Amino acid sequence: MTRLARRAGQGLLLLAGVSVLSFVLIDLAPGDFFAEMRLDPRIEPATLQALRSRYGLDRPLPERYLRWLGSLATGELGYSFAYGGPVGPLLWPRARNTLVLTATATVLAWALAVPLGAWWATRRGGPVDAVLAGLTATLLAVPDLVLVLGLLLLAVRTGWLPAGGMVSVGHEQMLWGEGMRDLASHLVLPVTALVLGALPVLTRYVRASVAETLRAPFVRAARAHGIPELRILLHHALPAAANPLISLFGLSLAGLLSMSLLVEVVTSWPGLGPLLLEAILARDVYLVLGPVLASTLLLLAGNLLADALLLATDPRIRSEDA
Amino acid sequence: MKGRLAVGLALAALATVHLAALCAGFLAPYAPLEQTRALPYAPPTRLHFVDAEGRFHLRPFVYAIADPSGAGEAYQEDRRQPYPLRFLVPAVDATGAATTGKRLLGVDEPARVFLLGTDGLGRDQLSRLLHGARISLLAGLLATVLSLGLGWLLGTLAGFYGHGLDAVLMRSAELFLALPWLYLLFAVRAALPLHIAPAQAFLLLVLVIGLVDWARPARLVRGVVLSARERSYVLAARGFGASDFHLIRRHIAPQTLGLLLTQAALLVPQYILAEVTLSFLGLGVSEPVPSWGNMLAALQRYHVLTSYWWMWVPGLALVPVFLAYYALAEALRRRAGPAAL
């Protein structure tokens, strides 16, 4: 437990560091939201100045950061100029949508990668080995962008799946079950893209770590005792290989979150990605900060989850912790 | 043996692609900005060997195409007049004025040879692909040099001197690694001016991609340096009074070489993709200068996505390039042993 608490504390510190870093970075940007208005002859420079001071943009950097921290306490997270409102209420539904997307994709990708990788590990040097090696290498080389565009093409051409968005028109009027089905049909396209993007790397890692434990002396001993191969794989090798895999779980989240940024934009999934892009293009300072921090928070939460899993599955770490 | 063949193939493929990008001015039939406004989204020009009378020509020829409807959807060949393909023709620039140099391929006006079709402004896709390769491939290479250079320097310093410096550097590395990579890239991109000239945009992009990702190589290099520092021959050299600089140059740096090469082969495709992604989303190299990313941006419109397969070519071109780089990385990793993962 102390281990988890320590990790959570480290995470919070990291989050604070990231917020300072991005605040300073964004402050370096030339021009702000009101810079574009300067070109408009109907707006007087004095008006712009007044707008800037009203939103506190003329204050020194440390003061702005402290103010922003203060607005964090009320859940506002600063003010979006483009939307004319606090960032918080804009951000949370978007973060939830990204979470729905990436969580589904993570669960699916792992549910496929573990059995596939374990099976692959038992088939060294055969045709299965060659086919899977070729398949994952090819999939690895297809860029995420081409993958998601290809799936989009398939969806538009065949009409089997909705080609974008998260829900259909009239989703609010649907019954609960119907609404879930609607959401699920919209999920298929982006989730498939994410899973196909993550799968080759994950499968290769699972194969490598399971293959390593299969070579371990205790597995050879189990085999010598006449324990069936399948039971060795499920009861002896997989639990022993869990440790590196759970560590990889945390890393795989970072990759999935990054990829979902692109996938969300292309499939118009209303998540953090499109919000961030929109904010960058509008020079909406605090709205840029929001998605960046929210994605960090998601990643840290995922890593904490991986730590908890590790604690639950690996007795070596538990005894260290006590 | 099989591994060596794969590496040979990968190296040959990479050499071909980079050479083609380097010689874009000669290989491309047109200037990348040259527009043929009458022929938007023209399909790839067909090369013919047999003419309307059934005679066989050794030199391939093309027909002029036109769209009687004017909508750019139903191009038809004008079979009355064949235009033979000409080789080593004098080059002309986007405005049609003669420039220095020769081009490999050409055809007499009014026919046009668009081997990979045209985009929405009637610009030759093949020419743009070749010129865009310069931008996209070079961005990947330069960013890799930058990120590995910085990562190597900081990782070596952290590993070699340890203590306070190590702690500071590795904590800041964790800060950079705590963010999903693309989000970090976007956050840094947000700090830069939006509307800038393509050349500046290219340099900024390389800088951003290269500087954002120093933390991963730095951590790997640090690990290698940490173990190399304690080897007995390093301790012996230190005992003989070798300076820190000498120790790093002669004894530590060579140990990191295998790791650097493997990382380079993995990072180049990743950074090429970063350029493509940013340009695709309108945050990178902008029109009219071609890059593979901003060429693909046309696919954001559904009718382009579904109707004109040749608009996909820059994306498809990425696949063999990535395959070659990954094959190279795999071979390098196998050679360097498990330490270089």
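**Notebook: hairpins, a proline and the A/B contact**

I began with S2(B) and strand S3 (residues 76–84) of chain B, which run antiparallel and are joined by 6 bridges. I call two strands paired if DSSP finds at least two bridges between them.

Ground rules before going on. This is a predicted model, where local features need pLDDT of at least 70, side-chain atom pairs count only at pLDDT 80 or more, and totals for chains, interfaces and linings use all residues. Residues are numbered from 1 along each chain as its sequence is written, while chains are lettered from A and ligands numbered from 1 in the order in which they are written.

**The sheet in chain B**

I looked up individual partners between S2(B) and S3(B). B:Ala66 stands opposite B:Gln76 in S3(B), and B:Ala64 has B:Asp78 of S3(B) as its bridge partner.

On to the other side of S2. Strand S2 (residues 56–66) of chain B is joined to S1(B) by 2 bridges, and these two strands also run antiparallel. There I found B:Val50 bridged to B:Phe56 in S2(B). The hairpin of S1(B) and S2(B) has 5 residues between the strands, and B:Gly54 in this hairpin takes a positive phi near 85°.

Put together, I get an open sheet of 3 strands in chain B, in the order S1-S2-S3, with antiparallel pairing. S1 and S3 of chain B are the edge strands, each pairing on one side only. The twist averages 50° from one strand to the next, with axes taken as lines fitted to C-alpha atoms (for helices, over the stretch in contact) and angles running from 0 to 180 degrees between N-to-C directions.

**B:Pro32**

Where is B:Pro32? I placed B:Pro32 in the loop between helix H2 (24–27) and strand S1 (48–50) of chain B. Buried or exposed? B:Pro32 is buried, because 21 other C-beta atoms lie within 10 Å. My cut-offs are 20 or more other C-beta atoms within 10 Å of a residue's own for buried, 12 or fewer for exposed and partly exposed in between, with C-beta atoms placed from the backbone.

I then listed its contacts (C-beta atoms, placed from the backbone, within 7 Å). Leaving aside neighbours within four places in sequence, B:Pro32 is in contact with B:Arg123, B:Ser127, B:Arg128, B:His131 and B:Pro290. I also checked B:Asp93, which is 61 residues from B:Pro32 in sequence but 8.8 Å from B:Pro32 in space, C-alpha to C-alpha.

**Chain B as a whole**

I count 12 helices and 5 strands in chain B. Its C-alpha trace spans about 85 × 45 × 35 Å along the principal axes. Of its 341 residues, 41% count as buried. Among contacts in chain B with a separation of 6 or more, 69% come from residues 24 or more positions apart.

Most residues other than glycine have a negative phi. I noted two with a positive value. A:Ser268 has phi near 45° and sits in the loop between H9 and H10 of chain A. A:Ser268 counts as partly exposed because 16 C-beta neighbours lie inside 10 Å. B:His163 has phi near 55° and lies in helix H4 (residues 163–177) of chain B. B:His163 has 8 C-beta neighbours inside 10 Å, so I count B:His163 as exposed.

**The A/B contact**

How many residues does each chain give? I read 39 residues from chain A and 34 residues from chain B. On the side of chain A that touches chain B, several helices supply at least two residues each, among them helix H1 (2–27), helix H9 (229–266) and helix H11 (285–313) of chain A. I sorted that side of chain A into 32 nonpolar, 6 polar and 1 charged, where Ala, Val, Leu, Ile, Met, Phe, Trp, Tyr, Cys and Pro count as nonpolar, Asp, Glu, Lys and Arg as charged, and the others, Gly among them, as polar.

**Confidence**

For chain A I have an average pLDDT (the predictor's confidence in each residue, from 0 to 100) of 82, with 94% of the residues at 70 or more. In chain A, helix H12 (residues 315–321) has the lowest mean, 70, and helix H4 (residues 87–121) the highest, 89. The mean for chain B is 83, and 95% of its residues reach 70 or more. The lowest mean in chain B is 76, in strand S5 (residues 98–106), and the highest is 91, in helix H3 (residues 125–161). I noted ipTM 0.83 and pTM 0.86 for the model.

Key. Two residues are in contact if their C-beta atoms, placed from the backbone, lie within 7 Å. Helices (H or I, at least four residues) and strands (E, at least two) are DSSP runs, numbered from the N terminus.
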